[in-house]
Amino acid sequence: MGNLLQLLRKEDSNNFKLPDNVFLDFENALPGPADQDLYEIVDKVLAKTVDILEGLRAYTGATDPIREAIKNNDCEKSQVTAWKAVCPLVNALNTYYQYSIELDKQVVELLTVLCSEPPMESLENHQALAKQFAHVLDFVLAFDDLKMTNPSIQNDFSFYRRMRNRVKAYSEAEEHEVSNEVANRMSMFYAYPTPMLKMLSNSVTSFVKKNQALPLENTTDIFSTMANLCRCMIEDPQIVARFQQKETTLFVLRVMVGAIILYDHVHPVGAFYRKSNIDIKSSIKLLKDQPPNTVETLLNALRYSTVHANDEETPSVVKKLLAE
């Protein structure tokens, strides 16, 4: 299972320190017997993220045939050509949407275990499941970054919805369609700039509401502890030197940001409050210390995907750091 997590303590206000040899093994942590079944189930679900992200990166859209169809609104041939171009793309978007539903279920299962104990004990006792939750955060940020930078996704789906009734009389139309109910749900999903993050934050919020006997701190402290731990790991050159893959540094930074965003969505006063359990100032500085153009999307995620970044209570120095 690798090196176990040691205690992470907040020694005084906004001053987080780690004892020696603290290391959450995001690369090699393996489950104990009690976590084996859930780990294997989640692992199969996470295995699909590779193809999903590859498909989204390759998504070029149907801009040209759609433009021709709009330009030649009375030309049936142009309409059919655009329809046949957009239907496979909408099927792919439906695949991604259906995956969000599948991932949502596994997030709830992971939280059920990870939030059942105080965060320190949980991350130590269920390190492999914490690793999987970290991979969920990593996927969510990667998916939403690709979605936000590809306007064709929203344009294609908007055209598809406008054309559905019009093309019912065209040959082969029905076999390409998703149902009205699914199309409506997809429309709400893709309307958000960050749809996977919206799904994830809704999952966490729903989990908290359904488990009111569980202290809210069990959930929020998992996120704040992961965020602080990730920051402290990257700040320590000796820990970074232990990473077996060079991509792990960026992975840990993405997990840090994902955990901050989730905390900010769920905690009543968020992650940017002066007395927050997350050292947000040091986290932002750490991102800005990275090589140019490597973490700008993560900084943007903190700027635009959080709830409380621009609150009046957010310290001016934090707002300035984010704005720079």
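The largest pocket has a volume of about 730 Å³. Keep in mind that this is a predicted model.

Who sits at the middle of that pocket? Of its 33 lining residues, Leu53, Asp138, Phe139, Ala142 and Arg254 are the closest to the centre. Helix 6 has the largest share, 11 residues. By class, the lining divides into 15 nonpolar, 9 polar and 9 charged residues.

Next, the second largest pocket. About 320 Å³ of space lies there. The lining counts 13 residues, and Tyr97, Phe189, Lys198, Met199 and Asn202 come closest to the centre. Helix 4 (76-114), helix 8 (180-191) and helix 9 (195-210) each supply two or more residues. Which helix gives the most to this lining? Helix 9, with 5 residues. The classes here are 7 nonpolar, 3 polar and 3 charged.

Now back to helix 12, this time with a partner. The axes of helix 10 (residues 216-235) and helix 12 (residues 247-266) come within 8 Å and cross at roughly 150°. Angles over 145 degrees count as roughly antiparallel, so that is how helix 10 and helix 12 run to each other. The crossing is left-handed.

On the helix 10 side, the contact residues include Leu216, Phe223, Ala227 and Ile234. On the helix 12 side, they include Val252, Met256, Ala259 and Tyr263. By class, this contact has 15 nonpolar, 3 polar and 1 charged residues. Arg231 of helix 10 is among the residues that meet helix 12.

Note on methods
Residues numbered from 1 in each chain as written. Predicted model: local features only at pLDDT ≥ 70, side-chain atom pairs only at ≥ 80, totals over all residues. Heavy atoms only, no water. Axes fitted to C-alpha atoms, helices over the stretch in contact; angles between N-to-C directions. Helix = DSSP H or I, 4+ residues; strand = E, 2+ residues; numbered from the N terminus. Parallel < 35°, antiparallel > 145°, perpendicular 65-115°, else oblique. Left-handed = near helix turned anticlockwise from the far one by under 90°. Contact = heavy atoms within 4.5 Å. Nonpolar A, V, L, I, M, F, W, Y, C, P; charged D, E, K, R; others polar. 1 Å grid on protein atoms, 1.4 Å probe; cavity = no way out; pocket = protein on both sides within 12 Å on 5 of 7 lines; lining within 4 Å. Points joined across faces, edges and corners; volume = space filled by probe spheres on them.
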